[in-house]
Amino acid sequence: DPGGSDPGGSDPGGSDPEMLTRLRLCSAAILLAPSAGLRLFAPSAGLRLRGSARPLAIAAPSMSMADAALPTLEDLTDPREWLEEVEGDKQIGWVKEQNADAVARIGEPSDKPLYGRLLEIMESDEKIPYIGRVLNGLYYNFWQDETHVQGIWRRCTLDEYRKAEPEWELVLDLDALSAESGVSWVWGGSTLLDEGPGVRKDRVMVSLSRGGADAKVSREFDLDAKEFVAVMDGGFELPEAKSQLSYKDRDTLLVGGVFGEGEMTDSGYPRSVWEWRRGTPLAEATKVYEGEQSDVSVGGFAYLDRGRRYELRYRSLTFYTSSYELKVGEAAWAPIPIPADANVGTFADQLLVTLRSAWLGHPAGALLAAPADGFLGAGDDAARSALLTPLFTPTETCSLEASTETKNYLVLSCLDNVVTECRFWRPLMP
């Protein structure tokens, strides 16, 4: 994630009963529409399992909502739109009613032998402790088991990690924090202050949510002291909200979603980007970018990519289209002239463009690269086209599944005749 976010290890449900209630809404809500031609299956406590699943013979539900007309292509009116207010007392009450009805029909999932076996697997100490970050030579892992229900954030050296049973250093204990505060905190990831190669990484913004809710509280954390930085000591702390954030530099956060309903889109996401200086009240932050109320979401973040500093702003116009502006180093802001349905990224000094529709002679599904500076400064499509290098071009049998990065290589995962292969690109860098 170019914004420095580390969501790895986040627990969508934790052990919070209210959150499990919401997860079970998936199985309860589907019981409402047996006439829609759906084949119904029984997920266990919100888990989706690979493998076979037995269809259930389910009688028509007796709830009044079951008879409500479903949206059609001719009439998009949704009688259940009121359920989108997910935190409302009426909505939570409705969910509990559907849970009770679902349990009465299919039984309590925790009473089934499969539930116990799955729980044992998920809480097993034999799980691979995946690494979310490597900072200052230490390998960070977020871990949950039957003892650490909410989870712990921990770290160790590479030599220690290679051992069968590493000796981990505790960084943050969410179970202890939850017990101390009386709040069931769920890990929401960390956002790193990255000041470049050779500069010690000592600060992150840690995001936590109450019981796994969408809204999060974000607080600055000192990796050396292994504690949160108090506001009175100049620490950043964002109130509970559906916020977005990124460090611009050590003393500046780019934030959105914490300035009231007027700064949110109709879809309920941030509509603007603000710069908040350390040591000043949040109310004194400066608005630097905004979109329209009708946008899905608006955001901005700053990051270092192999020594090059970028700052990106975007407007998600719909779920499938966006517009972007990019600032490279100290240069001026410039719009990125690509199709609205394309995705954009960077690798070192290269701009990466993934196409959803054909453009400048390249087909949908292609991955293109161009020097960022030259591409942003090109005067027309002909000049831009001359700068593009196709890194991947789909065929009748081959498509691009995903891409990942190492320090020096862009790695493409391609599916050719249902067989995965990896292709490696290395930009010409100093």
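In this predicted model, one aromatic cluster is formed by Tyr-140, Phe-142, Trp-153, Trp-187, Phe-221 and Phe-228. Aromatic pairs in the structure number 14. One of them joins Tyr-161 and Trp-168, whose ring centres are 6.1 Å apart; the planes of these rings meet at 80°, so the pair is edge-to-face, the cut-off for that class being over 60 degrees. Tyr-161 is partly exposed, its relative accessible area being 24%. A further pair consists of Phe-301 and Tyr-303, with 5.8 Å between the ring centres and 40° between the planes, and this pair is therefore tilted. Both Phe-301 and Tyr-303 are buried.

Charged side chains also sit over aromatic rings. Trp-168 has the charged end of Arg-154 over its ring, at 4.1 Å from the ring centre. Over the ring of Trp-143 lies the charged end of Lys-127, and here the distance to the centre is 4.7 Å.

E15 spans residues 297-305 and pairs with E16, residues 308-316, through 9 bridges in the antiparallel sense. Within this pairing, Arg-309 of E16 is opposite Leu-304. The two strands E15 and E16 make a hairpin with 2 residues between them, and Arg-306 in the turn has a positive phi of about 55°. E16 is in turn joined by 7 bridges to E17, residues 322-328, and these strands also run antiparallel. Ser-323 in E17 is the bridge partner of Arg-315. The hairpin from E16 to E17 passes through 5 residues.

Key. Residues are numbered from 1 along each chain as its sequence is written. This is a predicted model: local features need pLDDT of at least 70, side-chain atom pairs count only at pLDDT 80 or more; totals for chains, interfaces and linings use all residues. Side-chain values use heavy atoms; hydrogens and water are left out. Two strands pair if DSSP finds at least two bridges between them. Helices (H or I, at least four residues) and strands (E, at least two) are DSSP runs, numbered from the N terminus. Rings of Phe, Tyr and Trp (its six-membered ring) pair if their centres lie within 6.5 Å; planes under 30 degrees apart count as stacked, over 60 as edge-to-face and the rest as tilted. Buried means under 20% relative accessible area, exposed over 50%, partly exposed in between (1.4 Å probe, protein chains only). A charge sits over a ring if NZ of Lys or CZ of Arg is within 6 Å of the ring centre and within 35 degrees of the ring normal.
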